[in-house]
Amino acid sequence: MSRLSESLIELIRRTSVEIPDDVQSAILRGMEQEKEGTIAKSALEIIERNIDLAKRKSQPVCQDTGCILFYVDCPVGLDQVEFEQEAREAVKEATQLGYLRQNSVDSITGKNDGTNVGPGSPNLHFHQHASDDIAVRLVLKGGGCENVGLQFALPNTQLSAGRDLDGCRKVILEAVHQAQGKGCGPGILGVCIGGDRASGYELSKREFLRKLDDRNSDPKLDELEQDILRTANELGIGPMGFGGKTTLLGVKIGTANRVPASYFVSVSYMCWAFRRHGAMLASDGEITGWLY
Amino acid sequence: MTHNLSSPISEEAIRELKVGDQVLISGTVFTGRDAVHKYLHDGGELPDGVNLDGGILYHCGPVVLRDENDEWKVTAAGPTTSIREEPYQGDIMKQFGIRGVIGKGGMADKTLAACQEHGAVYLHAIGGAAQVLAECITRVRDVHMLEEFGSPEAIWEFEVQDFPAVVTMDSHGESLHKDILAKSEDALAQRH
């Protein structure tokens with residue numbers, strides 16, 4: 001097994017079993033806010049215990065180890081064909097080791113060959129940059145939260161949502177309301193305003209690469225992020241939809257240009273079991289540092 | 001209030017449970033999710049050895065490995081989203097005598113009506129808590145339809161001890177999910 005493949009297995013392991021610090025801190029803050037004796041509090045206590053147990057036992061935080069999304073920033077000249085091949089091998093091995101569930105199914109026949117490798121799995125996004133660094137980020141996104149994502153086309157008459165930031169606010173809050181507890185809240189939203197139907201969802205997921213405690217550099221979007229976070233937490237949906245104050249842990253919003261005829265708002269929902277890690281790699285594939 | 005539940009469960013015991021009650025489940029639990037529900041609803045028969053009468057069905061696709069002694073070992077086993085089984089659940093519950101369904105996210109009117117009519121409850125486990133819940137599984141008794149449906153979709157027969165869940169839909173027509181949906185809708189309307 002190559003050095004790169006070994007590094008990718010370690011990245012998969014770490015992502016599957018360890019919740020990043022920024023997410024765990026947000027969960028702890030949520031737990032402090034919930035009232036003693038409520039089922040919301042007890043849900044967050046079980047979640048906290050689960051995070052510790054997964055790390056200690058080096059076993060998946062959640063059994064749904066999800067869609068496997070790699071984001072690779074690489075120098076010009078990196079052999080992407082080879083990288084992808086190594087990533088596939090790493091996924092197969094990580095599945096054998098139990099860091100990933102046998103989670104990839106042929107959409108027509110329903111056949112699950114148990115490897116997690118097939119058309120579209122794993123999913124790799126390459127981005128070349130003018131640097132010698134190789135940075136690989138991995139997001140494992142479970143099906144429960146993926147299923148509650150929504151894409152709106154503005155204007156939306158039913159929600160009285162026009163083509164402006166207030167319209168965006170309305171549809172994003174509607175997505176939170178429709179998700180209720182089904183996406184394993186408290187959740188994190190990744191949103192893209194603009195783009196086309198495909199790039200909108202793709203960019204909404206890319207927002208999950210941001211740390212929860214960062215702030216948007218665009219003051220208008222920063223204000224919208226804080227507003228949605230605050231408002232969503234006043235809706236009383238709470239952890240798992242049990243009621244309570246902790247409905248969302250974070251909101252991240254990005255934008256892409258659109259064509260004049262289209263105005264999409266794409267909302268991806270991430271569960272509390274927010275599995276995202278990243279590693280810096282040397283040119284031989286060895287891990288030189290961690291990103292989260 | 002915390003109740004202890006273990007299968008087979010009587011209708012009387014189920015009728016005592018109310019929305020908001022916390023329960024600790026012990027005894028036998030069968031998993032079944034998307035493929036199993038569709039199969040049974042389409043007229044498929046339960047495999048030999050699977051008896052759901054008075055039993056508990058768990059919406060779960062676990063991670064299960066073979067250990068060094070070639071025994072099954074569950075390494076992650078939280079609930080999956082239940083609403084996908086809404087078209088089937090009520091009928092299957094009544095047909096096979098299921099008294100409790102464990103899952104996450106809640107279910108809708110058809111299942112709620114079946115819970116009331118037949119005497120069953122929906123038990124909400126903590127989504128994503130795969131390790132805490134796997135620790136409550138003391139033994140894998142058997143697995144059925146592994147070949148047909150693959151590991152996450154197979155019918156796993158687990159022995160569990162003090163598996164925690166919350167009653168969010170009871171046999172008296174009450175649903176926490178309906179309640180929270182209505183309240184959050186009002187709250188949202190005030191903030192537009």
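Here are some questions and answers on the backbone, domains and sheet of this predicted model.

Q: Which residues does the cis peptide bond in chain B join?
A: Head for the loop between strand E1 (2–6) and helix H1 (11–15) of chain B, where you'll find Pro8(B). With omega at about -5°, the cis bond there joins Ser7(B) and Pro8(B).

Q: Is Asn116(A) buried or exposed?
A: This residue lies in the loop between helix H4 (80–96) and strand E2 (123–129) of chain A, and Asn116(A) has a positive phi of about 70° although it is not a glycine. A residue needs 20 or more other C-beta atoms within 10 Å to count as buried. Asn116(A) has 22 such neighbours inside 10 Å, so it is buried.

Q: What is the phi of Met240(A)?
A: Most residues other than glycine have a negative phi. Met240(A) is in the loop between helix H8 (219–232) and strand E6 (248–256) of chain A, and it counts as buried because it has 35 C-beta neighbours inside 10 Å. Although Met240(A) is not a glycine, its phi is positive, at about 60°.

Q: Which elements give two or more residues to the side of domain 1 of chain A that touches domain 2 of chain A?
A: Nine residues from domain 1 and seven from domain 2 make the contact. On the domain 1 side, those residues are four nonpolar, one polar and four charged. The elements giving two or more of them are strand E1 (67–75) and strand E3 (134–141) of chain A.

Q: Which strands are at the edges of the five-stranded open sheet in chain A?
A: The strand order is E2-E1-E3-E8-E9, with mixed pairing. Neighbouring strands are turned by 20° against each other on average, direction ignored. An edge strand pairs on one side only, and here that goes for E2 and strand E9 (287–290) of chain A.

Q: What is the bridge partner of Asp73(A) in E3(A)?
A: Strands of a sheet pair through backbone hydrogen bonds, either parallel or antiparallel. E1(A) and E3(A) go the antiparallel way, over seven bridges. In E3(A), the partner of Asp73(A) is Ala135(A).

Notes. Residues numbered from 1 in each chain as written. Chains lettered and ligands numbered in written order. Predicted model: local features only at pLDDT ≥ 70, side-chain atom pairs only at ≥ 80, totals over all residues. Helix = DSSP H or I, 4+ residues; strand = E, 2+ residues; numbered from the N terminus. Buried ≥ 20, exposed ≤ 12 C-beta atoms within 10 Å, placed from the backbone. Contact = placed C-beta atoms within 7 Å. Nonpolar A, V, L, I, M, F, W, Y, C, P; charged D, E, K, R; others polar. Pairing = 2+ DSSP bridges. Axes fitted to C-alpha atoms, helices over the stretch in contact; angles between N-to-C directions.
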